[in-house]
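Subject: Structure handover

Hello,

Here is the structure I promised to pass on. Please open it first, then read my notes below.

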Amino acid sequence: MPRLSKPSAPPTRLSPGALTTLGWCAVPAFALLLYGTLPQPMHPVFLARDRFLSPSPGVVVAVAVVTALPIGWAVRRPLPVLGLLLAEAVAARVFGTRCWPLFLAADVVVFHLAVTCTRRASVVGLVSVLTGWAVVASAFVPAGRIFAVLTGPSSGLAVIAVAAWILGSWIRLRQDHAEQLRAQVAVQAVQAERLRIARELHDLVAHNIGAIAIQAGAARRVIETQPTGARDALGVIEATSRETLTGLRHLLGALREADDGAADVGAVGSAPGAPAAGLADLDRLVAGMADAGVRVEIRRLGQPRPLAAEIELSAFRIIQESVTNVVRHAGADRCRVSVDYGVAELALEIVDDGGGRAGGRAAGLAGSGYGIAGMRERVALLHGWFSSGPRPEGGFRVAAGLPI
């Protein structure tokens with residue numbers, strides 16, 4: 001089974017509804033902060049009949065609440081809310097009250113813009129905050145002292161705004177990177193599933209169609225002299241054809257699920273409905289090969305036991321492909337299959353004494369990526385070992401070890 005790397009968990013993203021609720025919950029706290037920073041009583045705000053009128057404490061509370069209300073819409077309309085906060089900061093400066101709480105709220109909005117909005121919107125927000133801070137800091141200041149004021153203690157508000165933008169941009173980049181990793185993993189999962197289906201199609205079709213071709217040839221040769229033998233061969237062709245059609249139906253269904261994006265990232269190689277061939281099906285394979293004119297001897301060593309599905313399937317397909325190559329290329333009438341159930345490894349060995357086209361068996365349709373190459377790929381995916389080649393005493397040998 002392919003082992004796909006999983007991306008690190010991205011920062012948790014709250015839903016827009018949760019963020020909106022959080023924003024409205026922040027309104028009372030922000031109003032309380034504003035109330036605490038307003039002078040008690042306020043500075044005179046207008047002159048009437050030569051007397052300064054100071055608003056009552058109730059008016060101060062109302063002003064603090066109204067000033068804080070825009071925070072509730074910051075999630076849905078961050079840029080308009082940011083502009084309103086900056087306008088309130090300028091008004092506070094004009095009336096002689098403290099405006100740093102409004103700039104802190106504006107910095108939080110800049111952070112939200114950098115995390116959730118486009119880069120252009122976040123830059124516009126940052127520039128707006130810095131411009132508003134410069135206007136407020138330099139208001140009512142003589143021209144000669146503007147530079148000193150802008151570089152003085154009040155510059156901390158500008159530094160906080162820049163830091164909030166940088167932090168929000170970093171979080172946004174991290175989230176985008178995690179999204180890309182998840183998309184890549186999904187694509188890799190679909191590709192791995194398609195490769196698995198391609199291997200299954202080759203193993204299923206190549207083996208069964210080869211057996212059908214052999215039986216059809218045998219039936220054609222004896223149909224006039226041995227009608228019973230021809231009838232038996234046609235029965236084998238029918239059974240093998242039905243099995244092939246069933247397997248193709250399952251694999252095409254799995255391919256459709258992979259195309260629909262249904263492949264599970266953590267369980268590639270176990271598509272629903274795929275044929276679950278395993279070592280228990282070796283007897284059926286032996287019977288089919290006997291009908292094709294090749295006698296297969298199965299020798300089981302160790303203590304046979306159920307193994308993981310991917311190991312069972314890969315072992316069966318390796319044996320099936322090797323035996324099919326014997327039928328096609330070896331010119332032999334028998335082969336031996338050894339299955340050794342070790343403690344930590346399942347060892348397979350398939351040998352024959354044929355003297356046929358060893359080069360064809362060694363190639364194993366390698367140009368198409370199947371045959372010997374396909375068996376080697378199956379074993380590599382399970383982190384096992386594989387070898388194949390002619391035997392010194394004649395014939396051909398395929399061996400593989402699959403870690404249990």
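A salt bridge here is a side-chain nitrogen of Lys or Arg within 4 Å of a carboxyl oxygen of Asp or Glu. More on those below.

First, the ground rules. This is a predicted model: local features need pLDDT of at least 70, side-chain atom pairs count only at pLDDT 80 or more, and totals for chains, interfaces and linings use all residues. Residues are numbered from 1 along each chain as its sequence is written, and side-chain values use heavy atoms, with hydrogens and water left out.

**Overview**

The protein chain has twelve helices and seven strands. Both are DSSP runs, numbered from the N terminus: helices are H or I with at least four residues, strands are E with at least two. Buried residues make up 39% of the 404 residues. Buried means under 20% relative accessible area, exposed means over 50%, and partly exposed lies in between (1.4 Å probe, protein chains only). The chain exposes about 21300 Å². Carbon and sulfur atoms supply 63% of that area. The areas come from the Shrake-Rupley method with a 1.4 Å probe; for residues, only the protein chains shown count as cover. Now the contacts, meaning heavy atoms within 4.5 Å. Among contacts between residues at least 6 apart in sequence, 72% join residues at least 24 apart.

H4 covers residues 100-116. It has 17 residues and reaches 24 Å from its first C-alpha to its last. That is close to the 24 Å expected at 1.5 Å a residue, where the expected span is 1.5 Å times one less than the number of residues. H4 is mostly covered, with twelve of its 17 residues buried. Among them are Phe103, Asp107 and His112.

Look at Asp107 in H4. Asp107 counts as buried because its relative accessibility is 3%. Leaving out residues up to four places away in sequence, Asp107 touches Val129, Leu157, Ile160, Ala161 and Ala164.

Pro80 sits in helix H3 (residues 78-94). Pro80 has 53% relative accessibility, so it counts as exposed. Pro80 and Pro70 are ten residues apart in sequence and 9.1 Å apart in space, C-alpha to C-alpha.

Two strands pair if DSSP finds at least two bridges between them. E3 (residues 295-302) and E4 (residues 334-341) run parallel, joined by eight bridges. Glu297 has Arg336 as its bridge partner in E4. E4 also pairs with E5 (residues 345-352), in the antiparallel sense, over seven bridges. Asp340 has Ala347 as its bridge partner in E5. A hairpin of three residues joins E4 to E5.

**Salt bridges**

How many salt bridges are there by this rule? The count comes to nine. Glu297 forms one with Arg295, the closest N and O atoms being 3.3 Å apart. Glu297 also meets Arg334 in a salt bridge, at 2.7 Å from N to O. Glu297 lies in E3 and Arg334 in E4, so this pair ties together parts that are 37 residues apart in sequence. Salt bridges that share partners also join Arg336, Asp353, Arg391 and Glu393 into one network. Glu297 is partly exposed at 28% relative accessibility. Arg295 is partly exposed too, at 48%, as is Arg334, at 29%.

Another salt bridge links Arg284 and Asp281, with the closest N and O atoms 4.0 Å apart. Arg284 is partly exposed at 41%, and Asp281 is partly exposed at 22%.

Best wishes
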